[in-house]
Amino acid sequence: MTTTPRTLPLAATLLTACVALYMALVALGNITDFGTNQQFVRHVLAMDTTFKDEDLMWRAITSRPLQDAAYVAIIVWETVAALVLIYGTWLWARRDHARARRFSTYGLLMVMLLFGAGFIAIGGEWFAMWQSEDWNGLDAATRVFTFSGIVLLVNHLPFGQARQADAI
């Protein structure tokens, strides 16, 4: 007799919910306290707290409208990722595993793209955020990227059919 183990779907549900909650809180915080992280984005893009190496400063974006457009795009991305992850969590809770896995994957990849490509690669390297003592979000971005990657892996662990003795 075969059975579907319940612990892996439960883990996927709860871990996806954790990332969904985190992203919802990040988006809500950026919407309700717009100015705080707006300054962060402005400083990173302007590269005004880096070493000001003339070979890199041509990359700086000092236009306030462009900086603010980038920040609004980040907030929209965070909000959509949160909504996709909330939907994925709901699907996990309903035991619609195939769709839950698919939507959770979309949401988790959105988070990983934002924090990996957006904050670590573009912010950290292209805009030399690593040089700033005041406006450096690389540690936080790395934590979110890593956690989201772990959740993505858990979401893709096989849990279809197992022997009764293996179902823990």
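**Group meeting talk: a greasy patch and some ring pairs**

Okay, helix 3, residues 64–93, gives the most to the nonpolar patch, with 3 residues; helices here are DSSP runs of H or I, at least four residues, and strands are runs of E, at least two, numbered from the N terminus. Before I go on, this is a predicted model, where local features need pLDDT of at least 70, side-chain atom pairs count only at pLDDT 80 or more, and totals for chains, interfaces and linings use all residues. Residues are numbered from 1 along each chain as its sequence is written, and side-chain values use heavy atoms, leaving out hydrogens and water.

Back to helix 3: Val72 is found there.

Now, rings. The structure holds 9 aromatic pairs (Phe, Tyr or Trp rings, the six-membered one for Trp, with centres within 6.5 Å; planes under 30 degrees apart are stacked, over 60 edge-to-face, the rest tilted). Take Trp92 and Phe159, a tilted pair at 5.9 Å centre to centre, with 50 degrees between the planes. Trp92 lies in helix 3 and Phe159 in the loop between helix 5 (138–155) and strand 2 (162–163), so this pair ties together parts 67 residues apart in sequence. Trp92 is buried at 2%, and Phe159 is buried at 7%.

Then there's Phe115 with Phe119, edge-to-face, 5.0 Å centre to centre and 75 degrees between planes. Both sit in helix 4, residues 97–126, about one turn apart, and both are buried.

Methods: Buried < 20%, exposed > 50% of the residue type's maximum accessible area, 1.4 Å probe, protein only.
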